[in-house]
Amino acid sequence: MSVEVTGAFVYFEIPIFGGIPITQTTVSSFIVAALLCIAFVLLGRNLTKRPGKLQVLVEKGVGMITDLTVSAMGAHNVHWTPFMGCLFLCSICGSYIGLTGFLRSSTADLNCTAAWALMVSFIIWFNTIKRDGIGKFLKNYLNPMNIISDLAQPLSMSFRHFSNVSVGIIISTIIYNVLSLVSTLVIRFIASTGWLMSAALILAGGLMFFLWARRKKSILGYILSGITFAIGVFGMLQALGILTDVPIFTFGIPAVLSLYFDLFSGFIQALVFTLLSMVYIGGSLPGPEEAKAKP
């Protein structure tokens with residue numbers, strides 16, 4: 001068994017403007033947006049002065065993103081909290097939607113993260129022009145370093161988010177394929193020796209469980225006895241011609257890896273992208289005191 005790493009699949013094209021492709025990323029992004037809108041409506045209605053557990057949890061989340069926005073952008077930019085919260089939720093949900101198994105993570109597509117990064121850049125440019133005027137804004141580009149800086153900002157933001165998510169998918173896929181190959185080779189070797197080796201492994205796994213793992217309540221004992229017993233069982237089934245090439249080593253191990261690559265890394269990348277957006281946009285919207293201090 002193997003899993004191929006490919007780009008976003010194109011479902012169909014809308015025949016306007018030369019053809020607009022509707023890809024897996026497009027579908028995933030719209031599903032995330034629709035689910036978030038539904039969640040916002042459901043969680044935002046029927047609010048009470050004496051909140052229940054769910055309302056307390058929601059208010060806690062809103063308070064955290066508000067405090068983060070104020071810390072990174074200043075109290076005068078607190079009105080950016082809904083935008084930053086939405087950006088964070090779209091990012092983390094866009095990464096987690098790939099865990100469904102039939103939808104692709106939208107953040108694993110460079111088109112998605114690049115669009116978000118460009119949106120942040122356009123906001124920054126708009127704020128700069130509104131504050132300093134178009135003349136001073138264009139004058140900054142007489143220095144080539146400013147051009148490079150403004151181009152590097154959206155590139156670094158988009159590639160950082162995209163690469164971390166996509167690399168996690170690639171690494172998980174490679175490990176899955178390697179484990180599948182090793183499973184096939186091991187089970188075929190055991191099955192080729194007949195049923196005696198399989199029976200011995202089943203017996204060894206049972207003895208390890210009762211004499212070691214169960215007595216000493218050893219987690220390592222449970223794992224090793226379970227693996228030994230499973231290898232023996234599937235080797236026996238393949239020797240008898242009931243099942244063939246079952247990738248037993250892929251059971252559980254890729255799931256453990258996904259705790260980092262999909263859950264932890266997805267959360268960290270969403271947080272980093274949101275914090276960078278706060279810092280960059282906040283830099284284009286200085287407080288009243290900072291704006292007066294500028295020449």
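**A close look, starting from a salt bridge**

Analyst: A search of the whole structure, which is a predicted model, turns up one salt bridge. Its partners are Arg131 and Asp132, whose side chains meet at 3.0 Å, N to O. Side chains of opposite charge can pair when their charged atoms come close. How covered are the two partners? Arg131 counts as partly exposed because its relative accessibility is 32%, and Asp132 is partly exposed too, with a relative accessible area of 27%.

Now for the helix you asked about. Helix 6 covers residues 144-192, which makes 49 residues. From its first C-alpha to its last, helix 6 reaches 69 Å, close to the 72 Å expected at 1.5 Å a residue.

Both ends of this helix are worth a visit. At the start of helix 6, Asn143 has a side-chain oxygen that comes to within 3.0 Å of the backbone nitrogen of Met145. Towards the other end, Ser192 has its place in helix 6. With a relative accessibility of 59%, Ser192 counts as exposed, because the cut-off for that word is over 50%. A polar atom of the Ser192 side chain lies 2.5 Å from the backbone oxygen of Phe189. Following helix 6 comes Gly194, with a positive phi near 95 degrees.

Thr69 is buried, because its relative accessible area of 0% falls under the 20% cut-off. Leaving aside residues up to four places away in sequence, Thr69 touches Gly74, Asn77, Trp80, Thr81, Met84 and Met278.

One last stop is on the surface. A nonpolar patch is formed there by Phe9, Tyr11, Phe12, Ile14, Ile16, Phe17 and Ile20, which together have about 730 Å² of accessible area. Strand 1 (residues 10-14) gives the most to this patch, with three residues. Ile16, another member of the patch, sits in the loop between strand 1 and strand 2 (20-23). At 41% relative accessibility, Ile16 counts as partly exposed.

Notes. Residues are numbered from 1 along each chain as its sequence is written. This is a predicted model: local features need pLDDT of at least 70, side-chain atom pairs count only at pLDDT 80 or more; totals for chains, interfaces and linings use all residues. Side-chain values use heavy atoms; hydrogens and water are left out. Patches are made of residues with over 30% relative accessible area and no salt bridge: like charges are joined within 9 Å, nonpolar side chains (Val, Leu, Ile, Met, Phe, Trp, Tyr) within 5 Å. Accessible areas come from the Shrake-Rupley method with a 1.4 Å probe; for residues, only the protein chains shown count as cover. A salt bridge is a side-chain nitrogen of Lys or Arg within 4 Å of a carboxyl oxygen of Asp or Glu. Helices (H or I, at least four residues) and strands (E, at least two) are DSSP runs, numbered from the N terminus. Buried means under 20% relative accessible area, exposed over 50%, partly exposed in between (1.4 Å probe, protein chains only). Contact means heavy atoms within 4.5 Å. The expected span of a helix is 1.5 Å times one less than its number of residues. A polar contact is a pair of N or O atoms within 3.5 Å; within protein, one must be able to donate a hydrogen and the other to accept it, and residues adjacent in sequence count only if both atoms are side-chain atoms.
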